[in-house]
Amino acid sequence: MKAQRAKNKARRARPVVTGFSSRAQIMREIHYRADELSPAAFAYILVLPAAIVMFGVVIYPFFYNAVLSFSNMSLRHFKDWHIVGLRQYEQVFKEKIFYSVFFKTLIWTFVNILFHVTVGVALAIILNRKIFGKALIRTLLILPWAIPQVIAALTWRSMFNYEYGAINLFIAHFFHMTPIEWLGKPFEAFSACVITNIWLGFPFMMTIALGGLQSIPQELYEAADIDGASGWQKFWTVTVPLLRPVMIPAITLGIIWTFNNVNIIWLVSNGGEPSDQTHILVSYVYKAAFNLYRYGYAAALSMVIFAMLLIFSLFFLKRTRASEAAY
Amino acid sequence: MRSKVENKKSKIINLLLYFIVLGFTLAVLYPIVNVFSISLRPSDRLLSTSLKIIPTDASFHAYDVLFTQTPFVRWFFNSVIIAVVVTLTGVTLASTAGYAFSRFEFYGKKSAMVGLLVTQMFPPTMLLLPMYIMLLKLHLINSYLGIIIIYTSTALPFCVWQMKGYYDTIPFSLEEAARIDGSTRWGAFTKVVLPLAAPALVITALFSFMTAWAEYVVAAQVLQDTSLFTLPLGLKQFESSMSTEWGLYAAGSLIISIPVVVLFLFLSRWLISGLTLGSVKG
């Protein structure tokens with residue numbers, strides 16, 4: 001092995017170059033130089049471009065945001081801002097609206113994830129059986145994931161229109177009920193956002209669950225059949241435990257995405273209408289920053305949201321890892 | 001042996017399940033059909049309460065107006081330019097960084113990987129606000145460059161993880177063999193590993209492209225000049241004046257969605273394997 005390496009090294013040894021005649025030669029020279037670097041140095045060079053971008057566009061703004069959160073920057077104090085300590089954080093926790101918006105965010109996340117996972121897993125289980133037109137149905141069911149979120153949101157908004165929206169027309173036509181004022185009332189408008197997001201989000205969970213189901217060995221079900229297990233028992237003793245490790249990372253990611261989903265709320269309720277009653281935390285920050293120009297306050301609230309998600313993820317991952325070890 | 005009664009019961013259950021799936025499929029399809037039908041309505045009957053899918057007097061009038069009397073074509077090109085640049089940078093940066101994370105040991109590797117994950121928890125406003133203020137100060141508001149920079153960074157962490165996950169499945173021995181045959185390190189990466197990672201590259205490209213193609217909340221702050229609008233901003237403008245331009249909105253959304261939807265469905269097989277790999281290895 002060692003001899004072989006030495007031989008290779010000799011073969012790869014740099015030919016003596018007297019001046020660069022072509023671009024190809026320069027490139028070759030660079031490649032040989034790269035080979036003389038230590039592996040770690042080579043790795044640093046590969047990571048460098050991405051690292052520069054991440055530093056300029058993520059890390060630096062992150063710290064800039066942290067500084068802003070301690071400042072009084074706003075439209076009025078755009079150039080002459082200064083550090084005011086924890087005043088913005090105080091303001092965040094002092095305003096009552098924070099608690100109601102936080103509560104709505106929790107409901108938003110919980111209801112969405114609940115439906116995404118139950119609908120997604122249920123459809124995956126059905127699609128995993130032999131049914132007619134399976135490939136076509138599966139492709140069609142992925143559509144909401146493929147459609148750009150903005151378009152889905154605006155389309156659903158138009159379907160919730162009081163007079164001309166398809167949903168009220170359906171309600172009136174098939175159920176003979178009075179039309180619902182979807183976008184004009186807080187509860188209805190919030191429900192409209194939730195419905196839209198459920199529609200958008202279940203294909204992701206379904207896809208992940210399908211992948212997980214296909215990796216469960218068929219023998220386990222056969223063994224359960226021999227033991228005389230019912231379909232329900234098989235579901236709880238074979239499917240659920242084996243699907244868990246696949247679903248948990250997807251659910252963690254789903255929770256973070258849903259918690260942070262400013263698109264749907266903003267576009268379906270048109271920026272929190274009616275009268276800022278439909279906000280979740282991120283849409284509320286977006287409004288505070290870009291419609292009300294409360295930069296310092298928005299920066300502080302962003303930090304609070306980030307802290308919440310970070311703590312949640314650490315706990316959630318730790319707990320699920322502990323339970324995985326128990327299996 | 002199963003009894004006849006039980007057989008019949010399972011048949012009924014199967015049928016029931018089938019109807020559930022069909023119900024969901026219809027619910028998925030209806031909004032798309034609805035948009036299509038609005039796009040075909042003649043302009044004097046946009047606000048119709050009929051539930052017909054092909055409206056009476058269906059016409060492609062809205063499509064005609066969209067291309068000839070609105071800045072739609074301009075917006076389309078804006079979106080294409082931004083999305084293509086973001087895709088190219090995204091793929092380049094993610095494929096090299098992902099390779100380093102997959103193959104080499106170096107100081108700070110682990111914390112960098114965790115750091116990339118942590119960025120996924122940033123609320124969208126957390127970087128947008130400081131970026132917006134920075135762009136204001138650098139006079140990059142209302143420029144392609146500003147928005148391209150932001151989009152590249154949003155997609156990058158996920159893309160790097162995705163690429164690393166895929167490289168991890170390519171056996172190390174392939175590069176060793178290439179090296180023994182006299183290939184350089186860079187040659188082993190670009191000529192041996194990169195072609196094998198084609199599916200992951202395609203997914204990374206798709207993901208970057210979709211991030212840039214149909215993004216609204218960032219674009220709404222950074223691009224304020226109508227001639228620089230990307231497609232989502234233009235659509236939102238149609239939507240705001242619902243009564244007059246509903247047909248334009250519908251026709252526009254179909255045109256915007258079709259390319260990405262087709263690409264997505266075509267590539268979804270790879271997407272699934274990429275995602276599950278990432279989660280298992282993660």
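Trainee: What is the mean pLDDT of chain A?
Mentor: This is a predicted model. Chain A has a mean pLDDT of 80. Of its residues, 89% reach 70 or more.

Trainee: Where in chain A is confidence lowest, and where is it highest?
Mentor: Lowest in helix H1 (residues 2-12) of chain A, with a mean of 55. Highest in helix H5 (residues 96-127) of chain A, at 89.

Trainee: On to the interface. How many residues of chain A are in contact with chain B?
Mentor: 77 residues of chain A, against 74 residues of chain B.

Trainee: Which helix gives the largest share of the chain A side?
Mentor: Helix H3 (residues 39-69) of chain A, with 18 residues.

Trainee: And by class, what is on that side of chain A?
Mentor: 59 nonpolar, 15 polar and three charged residues touch chain B.

Trainee: Switching to chain B. Into which domains is it divided?
Mentor: Domain 1 (4-45) and domain 2 (70-281). Their centres, taken over C-alpha atoms, are 33 Å apart.

Trainee: How many residues does each domain put into the contact?
Mentor: Six from domain 1 of chain B and six from domain 2 of chain B. The domain 1 side has three nonpolar, two polar and one charged residues.

Trainee: Last one, B:Asn142. What is its phi?
Mentor: Positive, about 65°, although B:Asn142 is not a glycine. Most residues other than glycine have a negative phi.

Trainee: Where does B:Asn142 lie?
Mentor: In the loop between helix H5 (124-138) and helix H6 (144-168) of chain B.

Trainee: Why is B:Asn142 classed as partly exposed?
Mentor: Because 14 other C-beta atoms lie within 10 Å of B:Asn142. Buried takes 20 or more, and exposed 12 or fewer.

Terms used
Residues numbered from 1 in each chain as written. Chains lettered and ligands numbered in written order. Predicted model: local features only at pLDDT ≥ 70, side-chain atom pairs only at ≥ 80, totals over all residues. Contact = placed C-beta atoms within 7 Å. Helix = DSSP H or I, 4+ residues; strand = E, 2+ residues; numbered from the N terminus. Nonpolar A, V, L, I, M, F, W, Y, C, P; charged D, E, K, R; others polar. pLDDT = per-residue confidence, 0-100. Domains from an automatic or database assignment.
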